[in-house]
Every structure is written in C-alpha cells, then in structure tokens.
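Q: Please walk me through this one in plain terms. I will ask as we go.

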Amino acid sequence: MNRSHAAAGERGVVLFLSLIMLLTLTVLGVSAFQNAHLQERSAGNARLQSVAFEAAAAGASNAINFFDANRALGPDQLCGTTGHAGWAEPSSWVDMGMVGEAYLQQRLYCLADEYPCTEDDVDCDVRPPRSQLFVLSHGEVRSGAAVVAQRDVEVRLDIGGTWSAGDGCGAICFPSCTAGTLNFPNSNTFQVDGNGGYAITGGCQAMADAVRNGIRNNRIGNYLGGIGATTPGSPWAEPTTVEMFRVNIAAAALAAQGRPGACMTFCFSPVGVNMNSNSAFGTVAHPQITYIEGNASFGGNISGAGIMFVRGNLSWNGTPNFKGLIVTLGGTFTAAGGGLGGDHGGSLVILNHPLGGGGFFGPSNFNNTGGGTALFKFDCQALWLAHGLLDQVGQSLWSPECDVGPQSVFQAGPEDLIIASWRENIGWREEFFGSGD
C-alpha cells in the first residue's frame, strides 16, 4: 500500500517535470522561430535600404549630367555668385526611372552659405551670403503604393579651379601696415563700394584705423561696406612675392606688345608715362595687360580694362574709366582735378614696394585733391576677367578676393563643373524644405 502511493507520487513528479521541459522547449522553439523571422525581416529591410541607397548614389554620380540637362529647373541663373541669397523653394522632382529595383528622383536647390569671419574682420556682418548649388538624388523602393525604403544623397556642384582664398583686397586696398598721407575728399559724390564686401581694406588693424581717421565722419556713409582689416593674400603678403608678380606682369605685357592688335595704345612702357589725351588701354570685350616701368600720370578720358601695373606712382585727372586690377608700387595714388572723376570697377592696390623686392613695404598714400566726384566699385567679374589674362604662374600668384569666377554655376559648361562635396542626407533639410516635406 505504501509502495503503491510512493510509485504514484514518483510518476506524478516525472509527469510534472516532463510538462515543464516540454513547455520550456516550446517557448525556446517559438522564440527561435521569432528570432529567425525578425532576422529575415531585418536582412530584407537592410537589402531594400541598400537597393534604395544604390539608386541615390547612382544619381549622385550623375549629378553634373542631370544639372546640365535640367538647367531650366532653376528659378534664376545666379546660383553660386557672390551676393546671391539662394532660392526660396527647391525645383520640382524629375523622375529618372528605375535603377535596379528602386525608383530614382532628382531635383535642384540653391542655398546661401555665410562667409567665414576671422578675428580681424571688424565689419564681417556687412558681407553677403554666397549661394551654392545642390543636386538631391532620392532612391525609393515601393511595394504597390507604399514606400518601403528610401535614401537621399546630396551633391554640391562647383566650378573647378575658381575657388581661392583671394588677395584680401576690396575696392581700394592698402595691403601694408604703414600709412602715409591719407586724404579722402569731403564730397558726397565720391563713393567707394565694396559690392557686398569691404569698401577699403588695410593689411592690419592699424592701417584700417588710419583709413577711418582719414575719412570725415560726415562722409563715412559713402564707403559702402565699411573699412576693414584683412590678412593680405598672395602676392601682396610680402615684397618677394610682389616682385615675382611684377616680373611676370612685365614679361606678359612685353610679349603682348609685339603681337598685332593686342594693345590699343601700348602694353609695355620701359619709362614713365605722362599722357593728357583720350587714350584706351583695352576694353571689356578685349582686355589687356598694361605695364609702366616708372611713374604714370593720365589726364583726359582715359579708359581701359584688364590689368594696369605701374611700378612708380599713379595719378588720374579728367574722367578716367577702368575695369579690372590697378596696381601702383610707388606708394602714392593721386586723383587730381574735378570733372566727372571717373568710374572704376575692380580693385585699386596701393603699395610702397622697395626696388628689387627686398626689405619692407614703405608708407602708402592716397591723395584726392579735386572735387572727388568718382566711384570706386569692387567688381568681381572685371577682376576675374583680368585674372584670365595671366599665364599659369601669374594665376598661381594672384586671384581676386571673391569666391566665384567670371560665371555662375549655371553659365559654366559641364566640363568646368566638379562635384565639390557629397553626403547622405538623414533627416533632410527641414530648415529649407519644411518638416512636412
């Protein structure tokens, strides 16, 4: 009787343990099945995301061709130029068909990017934004009407070979830190316009302060963009590089002097020049390099375009009109007399440069002794036109203080465009497109 009860109890324990083991195995089996299913789904989702990314990446690699074929999508043609604030809205999507198992869509947008400021940029807030062009490639995997995977890759397009730190100059430029006589006119018809940047630049804060002190407080508003200290770029950083640039300019002007039709009045003068007649030194359509070994004094209706490089002092009289880069190494620029005073577009560089390029820069002088009815305006287009006159060595020595060349991205040919940068967009640009896009 007791053995029977004991046997029954043992059988009950065995049955209970068997049920526990069976339940455990069942749970483990279900869990393993679920894990396998999740891993399969995860692998499937990863594969779909990879397919979507491959489509977006294929669109990114073809960004230049897409832009070239769809330039009309842009609301304006100024993207990439200085002072352009970008577009309010992106362009419409363009369906590019299937790439593997994914759909590809692309569109353009243009955003403004603020200039970086340095600790010496006292008037940095006057500088305008410069826009940049992007191509967005959107890869999408669909299941019926539902989107099951999507990836975005954006590409920034630029013009190859035109980006440069620049020479640090505004419309009127004193790259050295030594100020001489700075006599600016007390006339509201004398204006210096930085065209979005500094009107006048000095090579250090002391020079910028000296320029401010030379301008009467009631006329400071005539200097649009303000007066700022910038670090001189090549070639104005030191006498040695200035001398290298001068030698390069002189050789280019001398070579052009012997080419028929290359020089309107002359390109190279081995001595100083004193001209009071109406003379032209190039045009915007046909710019030239003009080099004068000594002092230069001009009167009458002098005009020109390109580069005018004077090893001595330079003085204007009458109604001069020049578009491009003007350099005087004698240390003194004088605008004498009344009249219309001229219209200068580009950059005027005033340096007191030692003969031979050794030693240090001397004091720079600006003297306006007339009525002061003139306009000096920083002109990026005119400066890049001047830059194009130089050979490879000259271009490596000098480039303008503006971020784009003589054309916007829209005006560049596909052979001139480069993919400046790219990145995958995660979360996208809500600040531009809105959180619901």
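**Working through the model**

A: Arginine 151 is partly exposed, at a relative accessible area of 23%. Here buried means under 20% relative accessible area, exposed means over 50%, and partly exposed is in between, using a 1.4 Å probe and protein chains only.

Q: What kind of model is this, and how are residues numbered?

A: It is a predicted model, with residues numbered from 1 along each chain as its sequence is written. Local features need pLDDT of at least 70, and side-chain atom pairs count only at pLDDT 80 or more, while totals for chains, interfaces and linings use all residues; side-chain values use heavy atoms, leaving out hydrogens and water.

Q: Back to arginine 151. Which residue does it form a salt bridge with?

A: Glutamate 424, with the closest N and O atoms 2.4 Å apart. The two residues come from distant parts of the chain, 273 residues apart: glutamate 424 is in strand 23 (residues 417-425) and arginine 151 in strand 4 (residues 146-159). A salt bridge is a side-chain nitrogen of Lys or Arg within 4 Å of a carboxyl oxygen of Asp or Glu. Strands (E, at least two residues) and helices (H or I, at least four) are DSSP runs, numbered from the N terminus.

Q: And glutamate 424, how accessible is that?

A: Glutamate 424 has 26% relative accessibility, so it counts as partly exposed.

Q: How many salt bridges are there in the whole structure?

A: The search finds 10. One of them joins arginine 311 and glutamate 293, with the closest N and O atoms 2.5 Å apart. That pair also links distant parts of the chain, 18 residues apart: arginine 311 is in the loop between strand 16 and strand 17 (314-316), and glutamate 293 is in the loop between strand 14 (288-292) and strand 15 (296-298).

Q: Why does arginine 311 count as buried?

A: Because its relative accessibility is 19%. Glutamate 293, at 25%, counts as partly exposed.

Q: What about arginine 71, which residue does that meet?

A: The side chain of arginine 71 meets that of aspartate 68 in a salt bridge (2.8 Å, N to O). Arginine 71 is buried, with a relative accessible area of 16%, whereas aspartate 68 is partly exposed at 32%.

Q: Zooming out: how many helices and strands?

A: The protein chain has 7 helices and 23 strands. Of its 437 residues, 48% count as buried.

Q: Which residues in the largest nonpolar core touch the most other members?

A: Phe174, Phe184, Ile200, Phe298 and Phe366, out of 68 residues in that core. Helix 4 (residues 239-257) gives the largest share of the core, 6 residues. There is also a second, separate core of 21 residues, and Ala63, Phe67, Val94 and Val153 are among them. A nonpolar core is a set of buried Ala, Val, Leu, Ile, Met, Phe, Trp, Tyr and Cys residues joined through side-chain atoms within 4.5 Å.

Q: What is phenylalanine 174 in contact with?

A: Leaving aside neighbours within four places in sequence, the contacts of phenylalanine 174 include Leu182, Phe184, Ile200, Met207 and Phe366. Contact means heavy atoms within 4.5 Å.

Q: New topic, helix 5. Which of its residues are buried?

A: Cys380, Ala382, Leu383, Trp384, Ala386 and His387. That is 6 of the 8 residues in helix 5 (residues 380-387), which is mostly covered. The buried ones pack against strand 16 (303-310), strand 18 (321-328), strand 20 (343-350) and helix 6 (392-397).

Q: What happens at the start of helix 5?

A: A side-chain oxygen of aspartate 379 comes to within 3.1 Å of the backbone nitrogen of glutamine 381.

Q: Where is glutamate 140?

A: Glutamate 140 is in strand 3 (residues 130-143). Its relative accessible area is 10%, so glutamate 140 is buried. Its touching residues, not counting those up to four places away in sequence, include Ala52, Tyr103 and Gln150.

Q: Last one. Which residues does the cis peptide bond join?

A: Serine 234 and proline 235, with omega about 5°. Proline 235 sits in the loop between strand 10 (227-229) and helix 4.

Terms used
A polar contact is a pair of N or O atoms within 3.5 Å; within protein, one must be able to donate a hydrogen and the other to accept it, and residues adjacent in sequence count only if both atoms are side-chain atoms.
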